[in-house]
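Here's a quick tour of one chain and its neighbour. Have the model open as you read.

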Amino acid sequence: MDEIFERLNGVFRDFFDDEDIELEPETTADDIDDWDSLNHITLMAAVEDEFGIRLSMGDVSGLKNVGELAGIIEKKIRQ
Amino acid sequence: MNDIFSYPFDSGFLLKKQKSIRKELKNDGKKRIPVKIAILCGSTANAVADQLELFLLNYGIEPQFYLSEYAQFWQDAMFPPDELTGFNPDIVYLHTTNRNIMRFPEITDSAERVASIIDSEFSHFRQAWESISEKFGCPIIQNNFELPPFRLLGNRDCSDIHGRVRTINELNRLFAEYAEKTKNFYINDINYLSSCYGLDAWADNTAWHMYKYALALPAVPVLASNIAAIIKAIYGKNKKVLALDLDNTLWGGIVGDDGVEGIKIGMELPQGQVYSEFQDYVKLHKDIGVLLTVCSKNEQENALAGLNHPAGTLRPDDFTVIKANWEPKDRNLLEAAEELSLLPESFVFADDNPAERAIVRGQIAGAAVPEMDGAENYIRILDRNSYFEVISLSDDDRKRTEMYKANAQRASLQKSFSDYGEYLDSLEMSAEIKPFLPLYFQRIAQLTNKSNQFNLTTRRYTEAEVEAAAADPKKVTLYGRLSDKFGDNGVVSVVIGRQEENVLHLELWLMSCRVLKREMELAMLDEVVSAAKSRGIEKIIGYYYLTAKNGMVRGLYESFGFTKVSETPEETVWELETAGYTPKTKHISINGGN
C-alpha cells in the first residue's frame, strides 16, 4: 500500500507540476488548487496509465478521497 | 523535445506531464506563429485543447483557444456569441462525433424516409459550415464520424439502408464530397484514426457517461496529433524533403560489401519484399511534391549501382541530390539543403542507424529524425508522423522534382559563362507579373507560409486572406511567375501593398529561394513602381522585420535605391519616391514585353 501511495504521489506531482504535493489518505480535490472537474478526467487517465489499470464508472463515481482511490488501485493490481 | 511527439508517442506520458511539457515549450524562447483556434464541440473538449496546444507548440505555432460551451457547436456556428465574434478565429475546428448524429434511420422507415433523414443530418452540418465560412472566412476543420459502437443488423448493418454503419459511411461520403469541392475546408479523419486505434478502445463508455468525452482519454493525444498535422500544413510547416540512407534503409544489406547482386530487394525473399514495398512508398512521394535526396556513407559508384538494381523501383533520377560519400551525414544534409535553397529544418532524415540519427538530431535543429527501427515498420513510421500532410495538390507540387532538377541544369550552364549577365540572357527568362488571380490564391497562400528567407515582413496569409487582399481596392497585389528555357518555375514571388492616399505601404514582399540571383526581384520592383504610379502614388514605404531566418534580405531595399527612414534592431523602414524611377530589369521579359 505504501508503494502505491508513493507512485500515486508521483503521478500527482507530475500532473500538477508541483514537487511539494504530499498526498494523505484524506486528501481531496479541495486540497489541491488546480484539481478541478475539468482536469480530473485527465488525472484519472494518468493514474490508469501509471498502474496499467482501467477504472470503471463504479470505481470513480463514489470516490471520496485519495485513500479510497489507492484502495481501488490496490484491489485492481492484486486481481 | 521533438521526440516525445513523434510516432509512436507515449500518450500516457503526454497526459501525465502535460503541464510541465507545456511550460518547457513555452519558455524555450522560440518564436512561434500565433493562431486563434475556435473549438466548437459536440462533446467535452478541454483535454483535446490541452493536448492540441502541446503538439502545435512543437510545430512552432502558438495557439489561443476559444471553446464552445458543452455540445453547443451548432448554435455557436449559426449564432456566434459575442465572445466568439470578438475572438475572431483564424481556424474553426468542429469536434463532433457519432454522438452528435441526431437521428438514425429506424428499421421500419421507408427508403424515402431514410434518404430524408440522411439529407437532414448532412444539411444540419452544412448549414454550420456555411455560416462559419460567411462570418469568419477562415479555414474549417471538421471531424468525420467514427463507426458506431454496435451493429443491430450484424454484418448487414453495412449494406442495409437502415444500418448505422451504412448511415455513417453515407454521411462520411457526403462530408468528403463537400471537402473535395470546398476550399479551406478540411476533414479530420477520425474514422481512420479510430480504426487504427481500435474502435472498442476509442469509444470508451466510461469517458462518455461520466465526463461526456466522445473518445477515451488515452486516445486524445492521437486525435490532437492529427488535428495539429492539418493546422501545421495550413501554416506551411510541412516538411519538404525526404533524405534517405541507402544500406539497410532502401535495401537490405550493404552494397559496398555484398555487391549489387547481394543486396536484398525484390519479390524473391520476404526481406527483399519489405524493401521493395518501402521503395514504392517512397517513390509515391514525388507525386505530392516531396523532394527525395540520398544521404549515404558509400562510394558514389556503389550507391548508383544499388539504385539501378533491376528489382528496385527508385532510380538515381528520382533524387534531386545524391550525397554518397564518407563525410559526416549532418554536413551532407546541410550541403543538400544549400543546393536546393531550402532550410535544413525542412528535411526528414530516414536512416536505420541510431548513431547517424543521433548525429543529425544533435546537429540540425528542427530536422525530423524518426526512429526507423525494423524495415517492416518504415512505412508506418513515416506515414503516421504526418510530415507531408497534403491539404491541397497544385500542379507545382506534382512537378516539383522536375523544377529542382532544372535548377541543377541551370547551375551547370552557369559554369560555362564568364559573364553573369550573359548567363542570365542565355536563360531566355520571361515573367508574368500581375494582380492576384483566383487561379493562384492557393499557391500564394502556400508561399506566404513557406517562405522564410527571402521574406521582408514574414506575414502569413490563409487562402481566405489572400482572396480578401485581392478584392480590396486599397491593396496593390502582385504575383510573379518566372519561366525560362529549362521550364516554368511557377509562381515564385508575391507582393502586397496597402495604399493610404498617395503612399504605398509594402506589407509583404517575398520570393522563393529557387529563383535567387535571377533578377526576379528587380522585375517585381519595376512592376510595383509601375502599379503605384498608375494609382497616382508618390511614395513607397518598405518594411524589413528581422527574424531568425531572413538575414539575406536585410539590405534589399537599400539595393533597390530606397532611403532609410528609421531603424531599430528588429525593424528598418525605407522609402522610395516613384517620380524619376527608371526600370531596372535587364534580363527578363515582363508580361510579353521586352
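How many bridges join strand β3 of chain B to strand β4 of chain B? There are 3 bridges, and the two strands, residues 91-95 and residues 140-143, run parallel.

## Ground rules

This is a predicted model, so to speak of local features takes pLDDT of at least 70 and side-chain atom pairs count only at pLDDT 80 or more, while totals for chains, interfaces and linings use all residues. Residues are numbered from 1 along each chain as its sequence is written, and chains are lettered from A, ligands numbered from 1, in the order in which they are written.

Helices (H or I, at least four residues) and strands (E, at least two) are DSSP runs, numbered from the N terminus.

## The parallel sheet

Back to those strands: β3 and β4 belong to an open sheet of 5 strands in chain B, ordered β2-β1-β3-β4-β5, with parallel pairing (two strands pair if DSSP finds at least two bridges between them). The edges are β2 (61-67) and β5 (185-188) of chain B, each pairing on one side only.

α3(B) touches β1, β2 and β3 of chain B, and its direction makes about 165 degrees with that of β2(B). Helix α11 (residues 220-234) of chain B touches β1, β2, β3, β4 and β5, at about 155 degrees to β5(B). Angles run from 0 to 180 degrees between N-to-C directions, and axes are lines fitted to C-alpha atoms, for helices over the stretch in contact.

## α2 against α3

α3(B) also packs with α2(B), at about 30 degrees and with the axes 10 Å apart. That makes α2(B) roughly parallel to α3(B) (angles under 35 degrees count as such).

Among the α2(B) residues that meet α3(B) are I21(B) and L25(B), and the α3(B) side includes L54(B) and L57(B); contact here has C-beta atoms, placed from the backbone, within 7 Å.

## Touching chain A

The contact takes 17 residues from chain B and 15 residues from chain A. On the chain B side, α1, α2, α3 and α10 each give two or more residues, and α10(B) has the largest share with 5 residues.

## Around β16

Further along chain B, β16(B) runs antiparallel to β14(B), joined by 7 bridges, and antiparallel to β15(B), joined by 4 bridges. Y544(B) stands opposite T572(B), and K564(B) stands opposite W574(B). A hairpin through 3 residues joins β15(B) to β16(B).

Note on methods: Two residues are in contact if their C-beta atoms, placed from the backbone, lie within 7 Å. Angles under 35 degrees count as roughly parallel, over 145 as roughly antiparallel, 65 to 115 as roughly perpendicular and the rest as oblique.
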